[in-house]
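This briefing covers the fold of one chain and the setting of one residue in another. Please read it alongside the structure shown here.

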Amino acid sequence: MTPRVRLGLVLSVLSMLGAALPAAAKDVCVSDNAHRLRFKGVKSLKKPGSISPLTGFFVNGDFVAPSTGTAIVRGDGSVLIGITVHGAALGGLPC
Amino acid sequence: MSHRIALCLCLSLLTLLGVGAPAAAKDVCVEDGTTSFRFKGVRSLKKPGSISPLNGFFTNGSVHVPVTGTAFTRSDGSVAIGVYVHAGGTTPASMDVDFVYDLVGDASLSATGVYRYLDGQLGGYESIWAPIACKMLATP
């Protein structure tokens, strides 16, 4: 096999793998005064119609609870977010 | 290039693609009267024990809100579905409360069950989901 053929094969494999992999996802952290939320593997929310799960945890001082939700991108580019914090079994949010 | 090398390369490619490709997942859309849902990347629910997240949106007229849920396949092959609709804070005011769906159906998310408003009211309302083509649902 010539070096040129080998290079072509490697590039083909890489491009095929790239097509097979899911869209880039990253961790996103947000804060609302004393509240903090960390979401794991959030997908890109740039294109209208995009949908990403929001799975992670909520923190307020010593109170830490799992959270689940969804973000959707509307036609105008704005993003709607819905989150549930599963803290009832952990004593609830301290007042 | 010999046939042997070509065969090895083909097998390597197939193996790599098999590893790199995500488990089969597809968008699923259902409707219940004037209400519709689109769920993104739903995993196969054919085998007992299967579990899939249900992330997407709820649409009813001009209301489009995020939803979060889970579906899992029971040992008898039926699929239990739970979905939370984040409608609080939306307009019209009649929809300004979150609500949840609890249904049982099949792997296509054809299902029957109830939905309940999370405003302290007791009881629920019947819900019947029927799969529809996702192209029928516009971007929110």
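In chain B, 8 strands form a closed barrel, arranged in the order 1-2-3-4-5-6-7-8 with antiparallel pairing. On average, neighbouring strands of this sheet are turned by 30 degrees against each other, direction ignored. The model is predicted.

**Chain B: secondary structure**
- Chain B contains 1 helix and 8 strands.
- Along the sequence, the elements of chain B follow the pattern α-β-β-β-β-β-β-β-β.

**Chain B: strands 5 and 6**
- Strand 5 (residues 79-85) and strand 6 (residues 99-105) of chain B run antiparallel and are joined by 7 bridges.
- B:Ala80 has B:Val104, in strand 6 of chain B, as its bridge partner.

**Chain B: burial and contacts**
- Chain B has 140 residues, of which 32% count as buried.
- Among the contacts in chain B with a separation of 6 or more, 33% are between residues 24 or more positions apart.

**Chain A: the setting of Ser44**
- A:Ser44 sits in the loop that lies between strand 2 (35-43) and strand 3 (51-60) of chain A.
- Is A:Ser44 buried or exposed? A:Ser44 counts as exposed because 12 other C-beta atoms lie within 10 Å, and the cut-off for exposed is 12 or fewer.
- The C-alpha atoms of A:Ser44 and A:Lys26 are 8.4 Å apart in space, while the two residues are 18 residues apart in sequence.

Notes: Residues numbered from 1 in each chain as written. Chains lettered and ligands numbered in written order. Predicted model: local features only at pLDDT ≥ 70, side-chain atom pairs only at ≥ 80, totals over all residues. Pairing = 2+ DSSP bridges. Helix = DSSP H or I, 4+ residues; strand = E, 2+ residues; numbered from the N terminus. Axes fitted to C-alpha atoms, helices over the stretch in contact; angles between N-to-C directions. Buried ≥ 20, exposed ≤ 12 C-beta atoms within 10 Å, placed from the backbone. Contact = placed C-beta atoms within 7 Å.
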